[in-house]
Amino acid sequence: AAVAAVAAAGGSGIGRPEPHRTPESLGPPIHAPRAPQELRRGLQGGARRRGGSSAAPAPAAMARGLGPRLGLGRLLGLLLAGCIAILAGAAAPAPAPAAKGNNQVEKLSLDTFGAAVGDAAAGSGAVLLVFYAPWCRHCEALNPHLQQLVGEVSRDELTVAKIDATEERALATRFSIRAYPTLFFLIDGRVYPYHHPRTVEAFRGFLSQGHKEAQALSMLSSPFGPVGRARALVSTVGQRLVNLSE
């Protein structure tokens, strides 16, 4: 009976030794995932053993704690930067006035006219406007005097500007130009037609004292009065239409 039992066991494979297996044949080890509750309990138990807190602070709590401190620090930094900027501005030297000899005769167009004469027309500064034609010999003879004038005065004292009346017809219409050259002084918001000698001495004398005794254009006849501005609007639109057609 014992022999029969052993034979039956050998036939069914029970009791045979397991074949030798290499680690490669076993494949990678398999670890069962730990349940979240067990993991949390393990972390809490380890923290209690170390004497620490049972959980890390939440991001929202950290933000609430750090927010005021970061905001206060940034505010202090901005206030400090503003104070430094104010002190630096107060300590900065005032800009030096424009030096004489750095001035030059400007050539104005319809697009640059407003910016060039805006201050003088508004009541601050002085501008000498010269309407000319390229073929005019009297205009050519005037150029050396204008160059000498800008070499002796600064831009803060006087701006000298030329306008080609044959090209800038809208500006010529606004100032009612009928002869070349035609000169105007714009001083402290008033327009003075200039009919005096065209020399540097005469220009400077008119700028300093002569204009006080001269007759300025009235509000109705001034290029910067309501009639002059309406005329300028109509002539400007007309010139731009002509330019588009060409």
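User: What makes β2, helix α6 and β3 a right-handed unit?

Analyst: This is a predicted model, where local features need pLDDT of at least 70 and side-chain atom pairs count only at pLDDT 80 or more, while totals for chains, interfaces and linings use all residues. Helix α6 (residues 137–152) sits with β2 and β3 in a β-α-β unit. The crossover is called right-handed because, with the strands pointing away from the viewer, the path from the first strand over the helix to the second runs clockwise. Helices (H or I, at least four residues) and strands (E, at least two) are DSSP runs, numbered from the N terminus.

User: Why is β2 called largely enclosed?

Analyst: Buried means under 20% relative accessible area (1.4 Å probe, protein chains only). Seven of the seven residues of β2 (residues 126–132) are buried, so the rest of the structure largely encloses the strand. Ala126, Leu128, Val130 and Tyr132 point one way, Val127, Leu129 and Phe131 the other.

User: How do you know which strands pair with β2?

Analyst: DSSP has to find at least two bridges between two strands. β2 has six with β4 (residues 182–187), antiparallel, and six with β3 (residues 159–164), parallel, so both count as pairs. Leu128 has Phe185 of β4 as its bridge partner, and Val130 stands opposite Lys162 in β3.

User: What is the average confidence of the chain?

Analyst: pLDDT, the predictor's confidence in each residue, runs from 0 to 100. The chain averages 74, with 58% of the residues at 70 or above. Residues are numbered from 1 along each chain as its sequence is written, and side-chain values use heavy atoms, leaving out hydrogens and water.

Note on methods: Buried < 20%, exposed > 50% of the residue type's maximum accessible area, 1.4 Å probe, protein only.
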